Amino acid sequence: MAGEYRFSFGPWNIHEGGDPFGPTVRTTVKFAKKLKLFKKLGFEGVQFHDDDAVPEMDKLSPKEIVKKAKEVRKMLANEGLVAEFVAPRLWEDPRTIDGGYTSNDPECRKYARDRSRRAIDIAAALKTDLIVLWLAREGTYMREAKDSKVAVDRLVKAIDDMLAYNKDIKIAIEPKPNEPMDQAYIPTTGHAMALGYLTRDAGRVGVNIETAHAILAGLDPSDEMGFALAYDKLYTVHLNDQNGLKFDEDKSFGSVNLRRAFNQVRILDKYDYGKKGEFVGLDVKAVRTQKQKVATKHLSNSRTIFLRLVELARSLDEGQVESLIAERDYEELDLLIMNHLLGK
Ligand code: 3MF
Ligand code: MG
Ligand code: MG
């Protein structure tokens with residue numbers, strides 16, 4: 001049975017539908033109400049940005065932040081939910097306009113460091129040991145604006161500070177090649193993992209692979225996952241889908257390319273992803289046209305498709321796959337997979 005997976009998403013996945021060219025089209029669902037939806041939709045893990053848990057945290061003292069986070073922890077417990085990770089939101093404050101950790105301004109770098117420490121405090125209060133770093137503005141619009149070697153040194157320093165600040169946390173870097181920046185310093189899984197090996201405690205640094213981000217980098221998400229699995233570095237995933245090289249679409253899992261989704265599920269299932277407590281995390285957005293009362297279907301549908309693909313992966317005749325591989329008859333293998341996906 002494919003029932004053993006645990007699923008997670010973040011509160012930002014239930015959203016108002018605004019985009020850079022038009023206003024919001026749905027009303028805001030309050031955080032407490034979102035929490036009530038998790039279980040109904042089949043989810044038990046909650047992903048957080050630091051300020052999803054503690055809004056306006058920059059106005060609070062470190063002590064007050066922890067107090068508020070502990071209240072959220074109780075709200076989670078009341079709903080039978082657990083926190084999966086906390087990610088410092090380092091891309092909205094004016095001090096992160098030119099990046100946080102890689103900013104040219106030492107005051108801004110200090111802000112990023114302190115904010116990351118607060119995110120770690122929030123994680124501890126929520127009883128999760130996982131910190132996700134999406135390095136949103138750690139890149140450039142113009143190559144000459146920063147020194148790319150110094151930028152990597154600064155990223156290592158920032159991660160080292162987090163690892164030293166709390167010895168219990170693990171850090172999952174979420175690579176993305178572009179958007180909001182023209183070019184990010186950590187665009188792929190390989191970059192993220194190599195960065196981890198430069199830190200003071202590489203055993204606590206891994207990755208969060210988002211399907212759409214791999215596709216935007218021109219890479220195959222299942223191969224990216226295989227790469228991280230080979231190093232035992234796949235701490236979490238952000239499953240979704242992406243229709244070519246456009247803005248980061250965060251479409252429902254499998255909705256663009258079912259075979260590509262099948263291959264992600266197949267590699268995760270084959271190598272026991274989830275058995276050490278990892279969540280099947282989603283990072284999906286409802287399209288802007290979706291009406292309010294059905295604006296959570298992208299979440300339940302993504303989960304449904306994941307579970308159906310687990311069944312499909314497990315029912316694939318691996319003996320036949322092996323013999324076609326031995327014959328190197330990859331055209332027949334191609335047909336076998338397509339027929340399998342078509343239920344033939
Ligand atoms: C951006 C993302 C983000 C990160 C999230 C956690 C809104 O493309 O994918 O989702 O996953 O901020 O770090
Ligand atoms: Mg995304
Ligand atoms: Mg993501």
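Visitor: Which residues form one aromatic cluster?
Guide: Tyr 5, Phe 7, Phe 9, Phe 38, Phe 43, Phe 253 and Phe 306. Keep in mind that this is a predicted model.

Visitor: How many aromatic pairs does the count come to?
Guide: Ten. One of them is Tyr 5 with Phe 306: the ring centres lie 5.1 Å apart and the planes meet at 85°, so this pair is edge-to-face.

Visitor: Where do Tyr 5 and Phe 306 sit in the chain?
Guide: Tyr 5 is in the segment before strand S1. Phe 306 is in helix H10, residues 297-315.

Visitor: What about Phe 31 and Phe 48?
Guide: They form a tilted aromatic pair, with 6.1 Å from centre to centre and 55° between the planes. Phe 31 belongs to helix H1 and Phe 48 to strand S2, 17 residues apart. Phe 48 has 0% relative accessibility, so it counts as buried.

Visitor: New topic: metals. What coordinates the magnesium ion, ligand 2?
Guide: Glu 210, Asp 248 and Asp 250, at 2.0 to 2.3 Å. Along the chain, these donors follow the spacing E-x37-D-x1-D.

Visitor: Which residue bridges ligand 2 and ligand 3?
Guide: Glu 210 does. The two magnesium ions lie 4.2 Å apart. Glu 210 is in strand S8 and Asp 248 in the loop between S9 and H9, so the pair ties together parts that are 38 residues apart in sequence.

Visitor: Why does Glu 210 count as buried?
Guide: Because its relative accessible area is 1%, and buried means under 20%. Asp 248 also counts as buried, at 13% relative accessibility.

Visitor: Which residue forms a salt bridge with Asp 248?
Guide: Lys 176. Their closest N and O atoms are 3.1 Å apart.

Visitor: Which residues do shared partners join into one network?
Guide: Asp 50, Asp 51, Asp 52, Asp 58, Arg 89, Glu 92, Asp 93, Arg 95 and Arg 115.

Visitor: And what does Asp 114 form a salt bridge with?
Guide: Arg 113, with the closest N and O atoms 3.1 Å apart. Arg 113 is partly exposed, at 32% relative accessibility.

Visitor: Back to rings. Which charged end sits over the ring of Phe 279?
Guide: That of Arg 6, 4.0 Å from the ring centre. The charged end of Lys 170 sits over the ring of Tyr 235, 4.5 Å from its centre.

Visitor: Last one: what makes the nonpolar surface patch of about 310 Å²?
Guide: Tyr 197, Phe 227 and Tyr 231. Phe 227 is in helix H8, residues 221-230. Its relative accessible area is 36%, so Phe 227 is partly exposed.

How values were computed. Residues numbered from 1 in each chain as written. Chains lettered and ligands numbered in written order. Predicted model: local features only at pLDDT ≥ 70, side-chain atom pairs only at ≥ 80, totals over all residues. Heavy atoms only, no water. Patch = residues over 30% accessible without salt bridge, like charges linked within 9 Å, V, L, I, M, F, W, Y side chains within 5 Å. Areas by Shrake-Rupley, 256 points an atom, 1.4 Å probe, with all protein chains shown as cover. Salt bridge = Lys/Arg side-chain N within 4 Å of Asp/Glu carboxyl O. Helix = DSSP H or I, 4+ residues; strand = E, 2+ residues; numbered from the N terminus. Buried < 20%, exposed > 50% of the residue type's maximum accessible area, 1.4 Å probe, protein only. Donors = N, O, S within 2.8 Å, 3.2 Å for Na, K, Ca; no water. Phe/Tyr/Trp six-rings, centres within 6.5 Å; stacked < 30°, edge-to-face > 60°. Lys NZ or Arg CZ within 6 Å of the ring centre and 35° of its normal.
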